[in-house]
Amino acid sequence: MRLTRTLRASAVCAAALLLAAACDSSGSGGTSATGLNPPDLKAPTKLGRTEGQVNLVAWAGYVEDGSNDPKVDWVTDFEKRTGCQVHSKVAASSDEMVKLMKTGEYDAVSASGDASLRLIASGDAAPVNTALVPNYKDVFSGLKNGAWNSVKGKMYGIPHGRGANLLMYDTAKVKPAPTSWSAVFDDASRYKGHVTAYDSPIYIADAALYLKATKPGLKIKDPYALDQKQFDAAVALLKRQNANVGEYWSDYLKEVSAFKSGDSVVGTTWQVIANLAASEGAKVKALVPKEGSTGWSDTWMVSAKAKHPNCAYKWLDWIVSPKVNAQVAEYFGEAPANSKACAETSDKNFCTVYHAADESYWKKIAFWNTPIEQCLDGRTDVRCVPYAKWVQAWTEIKG
Amino acid sequence: MTTDLPTAAGRGTVRRLAGTLHRRPRLRLALLLTAPLLWLAVLYLGSLAVLFVSAFWTTDSFTSQVVKVWSTDNFHALFTTPVFRQVVLRSVGVALAVTALCALIAFPVAFYTARVARPRWRPLLVVGILTPLWASYLVKVYAWRLILSEGGLADWMLAPFGLSGPGYGLPATVLTLTYLWLPYMILPIHTALEQLPAGLLDASADLGARPGRTFRSVVLPMVLPSVAAGSVFTFSLSLGDYITVQIVGGKTQLIGNLVYSNIELNLPMAAALGTVPVAVIVLYLLAIRRTGALNSL
């Protein structure tokens with residue numbers, strides 16, 4: 001049964017995350033001073049009567065009412081308890097999420113880091129009064145007041161879950177066991193043609209993270225805030241890596257099959273993929289190397305123009321309630337946001353495997369963020385390279 | 001019952017209309033064709049025009065929203081960035097290679113199914129050639145991924161000769177695309193060969209030509225337009241494909257991949273890139289038209 005669950009989780013994970021990853025994702029951890037000056041919007045101070053319905057924009061696998069799989073359903077109970085009929089729209093990317101939220105027809109969204117920052121900046125997302133979301137108090141402290149979900153100490157949403165990009169290797173072929181990202185960068189030539197990397201411009205941040213540790217002269221503080229010189233160094237590193245790459249992956253099935261056959265022996269992965277590959281017989285291990293790692297984190301936000309704010313608040317509370325948060329995290333394959341969710345997972349080991357409660361683990365993770373010209377690390381004397389340039393560079397790296 | 005019948009006045013209108021239509025065949029034709037032609041013009045040519053126009057727009061770097069400001073930057077980038085040129089040339093190369101390979105393989109196969117095999121087997125053989133088209137595209141490409149994987153079927157079959165499979169990369173992409181589009185090449189050649197009058201071959205033999213000469217001077221000139229027709233399919237399908245190369249292409253990228261990677265964040269650039277295959281295929285069709293192949297499509 002465990003296998004089927006994992007499979008399902010991965011399928012959804014692939015569907016949603018890949019898309020998520022293409023352009024989005026989540027904020028970097030707490031160090032930023034982005035200089036964002038969002039419009040002064042007020043959060044409600046108390047909730048009124050529920051409106052009978054709520055319109056959501058979400059990643060695939062976040063709002064399941066049993067229509068994809070009768071056993072996966074946390075919407076029906078919500079509707080029964082609150083009387084709020086749920087209408088959900090699955091978005092394929094952060095850009096689509098932002099576009100949909102701008103229409104004003106939706107009440108809440110499960111935004112990833114870059115989308116959330118944009119929604120905050122444009123005034124489409126309202127601050128959230130966390131006192132009206134009882135389950136918020138049980139959310140892991142590492143997810144509260146992050147650079148991607150709050151501005152000046154004001155929360156703009158309720159954290160949903162998180163995950164890290166890990167280094168996976170074939171235990172039979174990669175010896176000694178790697179402890180550093182150098183296995184895919186400076187030492188990659190030892191596995192020429194068998195190195196794999198995540199196929200997205202955001203992967204440039206992985207190279208920057210490695211340079212941050214190994215080339216102190218570049219003075220990289222935040223892998224999502226790179227000035228031209230730092231950016232060029234990261235791109236040059238990736239071009240050297242390209243000579244040793246067998247293939248880039250963006251599809252979880254592709255990575256699992258490549259590790260099973262031995263076409264790939266070392267490269268980036270997600271926990272769900274590592275679990276799936278291991279359960280299918282590949283001899284793999286995944287770890288966070290000593291330099292730390294990149295990762296993602298999603299947040300439920302409420303629209304500033306919400307027509308059903310009371311139902312939206314009920315949904316925010318429901319989706320991070322221990323049992324539901326456990327369900328959605330297991331289905332999607334990520335660490336839950338609610339600390340009490342770990343007692344509710346069907347696989348009792350789930351939170352250990354996904355390091356849900358391990359704050360020292362998450363300290364090492366630089367959550368995805370969208371690079372903008374104003375350096376996210378607070379520097380004002382230089383301009384940083386914006387994401388559009390990352391996309392171009394990624395094309396050139398692949399050649 | 002009488003209420004169900006059209007009124008006399010109604011009957012008169014219908015009859016007048018029918019009469020008008022009968023007298024004016026052009027009006028009849030126009031009414032018949034308006035709907036499908038509108039469909040072609042608006043949905044097909046219209047979207048192509050929008051694609052082309054949007055290639056001249058730009059995007060806001062923070063929100064990635066399309067800004068409708070006229071600029072030729074995208075086309076400038078397209079022609080001056082080395083990586084784009086490289087990818088365009090690679091894509092056209094792949095399409096040409098797939099087309100050549102398909103033609104080489106399809107000819108003998110079609111010759112067998114159309115002329116050598118017993119007549120009652122021929123329809124079955126054609127069905128056999130078409131069968132792979134019933135299977136899902138993705139299933140077939142993933143099957144090739146397994147065949148070409150390390151220690152997979154290709155490696156295993158070549159091992160006795162001291163060779164190994166091509167692995168994932170450009171050759172694997174060409175191979176897989178050739179497999180995928182082969183039926184589209186076999187069918188037109190099969191039809192052409194089937195319609196080739198046997199008398200011509202006999203006459204050629206009577207005049208003393210050996211099979212090679214008959215092939216060169218009689219069969220080939222008559223079948224060439226069909227090869228060209230088949231090549232329109234194999235060429236355009238290969239040029240537009242971006243999924244096969246993701247699955248078996250290793251780290252290779254083709255035009256389709258560039259379009260895909262730009263579509264969310266830089267739609268105008270994606271549109272500019274998207275006009276490249278359109279332009280290439282238009283040129284290809286113009287070249288093919290000279291062979292007369294379009295008449296036998």
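## Strand 7 of chain A

Strand 7 (residues 158-170) of chain A is mostly covered, with 13 of its 13 residues buried. A residue is buried if 20 or more other C-beta atoms lie within 10 Å of its own, exposed if 12 or fewer, and partly exposed in between, with C-beta atoms placed from the backbone. Helices (H or I, at least four residues) and strands (E, at least two) are DSSP runs numbered from the N terminus. This is a predicted model, in which local features need pLDDT of at least 70 and side-chain atom pairs count only at pLDDT 80 or more, while totals for chains, interfaces and linings use all residues. Residues are numbered from 1 along each chain as its sequence is written, and chains are lettered from A and ligands numbered from 1 in the order in which they are written.

Two strands pair if DSSP finds at least two bridges between them. Strand 7 of chain A pairs antiparallel with strand 12 (residues 293-303) of chain A over six bridges, and there Gly161(A) stands opposite Asp298(A). Two bridges link strand 7 of chain A to strand 13 (residues 335-336) of chain A, also antiparallel, with Arg162(A) opposite Ala335(A). With strand 10 (residues 266-270) of chain A, strand 7 forms five bridges in the antiparallel sense; the partner of Met168(A) is Gly267(A). Strand 11 (residues 284-287) of chain A is joined to strand 7 by four bridges and runs antiparallel to it, and Tyr169(A) faces Lys285(A) in strand 11.

## Overall fold of chain A

Chain A has 13 helices and 14 strands. Its radius of gyration, taken over C-alpha atoms, is 20 Å, close to the 21 Å that the globule rule (2.2 Å times the number of residues to the power 0.38) gives for 399 residues, so chain A is as compact as a globular protein of that length. The C-alpha atoms fill a box of roughly 65 × 55 × 35 Å along the principal axes. Of the 399 residues, 59% count as buried.

Two residues are in contact if their C-beta atoms, placed from the backbone, lie within 7 Å. Among contacts in chain A between residues at least 6 apart in sequence, 75% join residues at least 24 apart.

## Domains and nonpolar cores

An automatic or database domain assignment gives domain 1 (2-162 + 297-357) and domain 2 (164-294 + 371-398) of chain A. Their C-alpha centres lie 27 Å apart.

A nonpolar core is a set of buried Ala, Val, Leu, Ile, Met, Phe, Trp, Tyr and Cys residues joined through C-beta atoms within 7 Å. In the largest, of 133 residues, Ala108(A), Ile204(A), Ala234(A), Trp315(A) and Leu316(A) touch the most other members. Both domains of chain A give residues to this core, so it lies between them. Apart from it lies another core, of 54 residues, among them Ala95(B), Met185(B), Val227(B) and Val276(B).

## Interface with chain B

In chain A, 25 residues are in contact with 22 residues of chain B. Helix 13 of chain A gives the most to this side, with six residues. The residues of the side of chain A that touches chain B divide into 10 nonpolar, eight polar and seven charged. Here Ala, Val, Leu, Ile, Met, Phe, Trp, Tyr, Cys and Pro count as nonpolar, Asp, Glu, Lys and Arg as charged, and the others, Gly among them, as polar.
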